[in-house]
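Hi,

Here is the model I promised to pass on, with sequence and coordinates together. My notes on what turned up follow below.

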Amino acid sequence: MSEDSHMHCCNDADDTDLADLRERIAQAVRDVKAQTPLAQSFTNFVTINLVANAQLAAGGTAAMSFLPDDVIDTASISGADYINVGTLLPFYKDALPQIARAFHKTGHKWVLDPVAAGIGKTRTEILCAFRAVPPTIVRGNASEIIALATMWGLISPDEASRPAGVESVDEVDAAVEPARKLATFLAQSAPDGKAAVAVSGKVDLVTDGDQIYRLTGGSALMAKITGAGCSLGGVTATYLAVAEPLVAALAASLLYNRAGEIAEAKAEGPGSFQVHLLDALWNLTPEQVAASDIR
Ligand SMILES: Nc1ncnc2c1ncn2[C@@H]1O[C@H](COP(=O)(O)OP(=O)(O)O)[C@@H](O)[C@H]1O
Ligand SMILES: Cc1ncsc1CCOP(=O)(O)O
Ligand SMILES: [Mg+2]
């Protein structure tokens, strides 16, 4: 086979895979709009309202809770859960590992947003406890993904950077290997062997441990409102309620990028940007989301 025909062959296979992936992304967006799935959240106090509103705008429903018995009971009617460690209270140190153990026992799917990973003894203890009972998807910025992969012993500390609060100090490309290793680790623990990691930034990266996808677009204004990342995590859980992890992570990240672009074109600043972002999450069609640039 000539080099040219070989390349042509591979491109055909890639095109078929990508077309199939786009159809599954469109179906996830459609299913959320049709089924209004509940994704329950245990999330920070700063952005809790935006998380719920974004889940509703994407077509799902929201329920926020913090008490282990309530969270565990509600999980039986929730398609997937979302845990975000942005703000902490003393009781979380026991409550969050207890909740994660219950999810693990029943095979309940959940998304972790390791906000500010690497900062503070309590947050580190909680995140380390999740290693034995891991989530289905981890979604965070590059610094958080690198910090989590380091504390779980998946990359060596010299590959890591310093923790940076809730904002990233790392480029998404610095998180490629940490994200891939994290996704492989999550998949090994998943009942069906399926998991994903989503790294957000100027360009987003999504991986199932095997394939790596880069998603362009969005808006710099997303970093000028609080909760773009948290609400993306919540919407990822909404999609996880109806789709497999890779498809859920891709669908949510693509929806956010397209919504960010539409909101930026209409906004006069961060305040109106947030309003337009919610409207765009609501108005985008499955076909628009699935037609996005995927590399
Ligand atoms: N500079 C940027 N340009 C375009 N989109 C961005 C930019 N920064 C963040 N985003 C988008 O904002 C959303 C939240 O990402 P990010 O700000 O990295 O999360 P976090 O708030 O957790 O740090 C994602 O959809 C991401 O693609
Ligand atoms: C400001 C802040 N402080 C603790 S949690 C939080 C929100 C972080 O939101 P995001 O990660 O979506 O920017
Ligand atoms: Mg964040």
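**Around ligand 1**

There are 17 residues around ligand 1, and the closest are Arg139, Asn141, Ser200, Gly201 and Asp204; a residue counts as near if one of its heavy atoms lies within 4 Å. Before going further, the ground rules: this is a predicted model, in which local features need pLDDT of at least 70 and side-chain atom pairs count only at pLDDT 80 or more, while totals for chains, interfaces and linings use all residues. Residues are numbered from 1 along each chain as its sequence is written, chains are lettered from A and ligands numbered from 1 in the order in which they are written, and side-chain values use heavy atoms, with hydrogens and water left out.

Now the polar contacts (pairs of N or O atoms within 3.5 Å; within protein, one must be able to donate a hydrogen and the other to accept it, and residues adjacent in sequence count only if both atoms are side-chain atoms). A side-chain N or O atom of Ser200 sits 2.8 Å from an oxygen atom of ligand 1, and a polar side-chain atom of Asn141 is 3.0 Å from a ligand 1 oxygen. Gly201 uses its backbone instead, with an N or O atom 3.2 Å from an oxygen atom of ligand 1. On its own, ligand 1 has 550 Å² of accessible area, and the protein covers 85% of that (Shrake-Rupley method with a 1.4 Å probe; for residues, only the protein chains shown count as cover).

Which elements give two or more residues to the shell around ligand 1? They are strand E5 (137-141), helix H8 (228-240) and helix H9 (245-266), with helices (H or I, at least four residues) and strands (E, at least two) taken as DSSP runs and numbered from the N terminus. H8 provides the largest share, three residues. Sorted by class, the shell has six nonpolar, eight polar and three charged residues. For those classes, Ala, Val, Leu, Ile, Met, Phe, Trp, Tyr, Cys and Pro count as nonpolar, Asp, Glu, Lys and Arg as charged, and the others, Gly among them, as polar.

UniProt, in an unreviewed entry, lists Arg139 and Ser200 under "binding site". They are spread over 62 residues of sequence but cluster in space, the largest C-alpha distance being 7.6 Å. UniProt positions are in the numbering used here, feature names are shortened, and annotations may be inferred rather than shown by experiment.

Arg139 belongs to strand E5 and Ser200 to strand E6. Are they buried or exposed? Arg139 is buried because its relative accessible area is 3%, and Ser200 counts as buried at 17% (buried means under 20% relative accessible area, exposed over 50%, partly exposed in between; 1.4 Å probe, protein chains only). Their side chains make a polar contact with each other at 3.0 Å. Leaving out residues up to four places away in sequence, Ser200 touches Arg139, Gly140, Asn141, Ala142, Val172 and Leu232, where contact means heavy atoms within 4.5 Å.

**Helix H6**

Asn141 turns up again here: it caps the N-terminal end of H6, with a side-chain oxygen 3.2 Å from the backbone nitrogen of Ser143. H6 (residues 142-151) is mostly covered, and nine of its 10 residues are buried. The cover over those buried residues includes strand E4 (110-113), helix H5 (121-129), E5, helix H7 (176-189) and strand E6 (196-200). After H6 comes Gly153, with a positive phi near 70°.

**Around ligand 2**

Ligand 2 has 11 residues around it, of which Gly86, Gly227, Ala228, Gly229 and Cys230 come nearest. Taken alone, ligand 2 exposes 380 Å², and the protein buries 79% of that. Its shell divides into four nonpolar, seven polar and no charged residues.

Gly227 lies in the loop between strand E8 (212-215) and H8, and is buried, since its relative accessible area is 7%. Met64, in strand E2 (residues 61-64), counts as partly exposed because its relative accessibility is 26%.

Cheers
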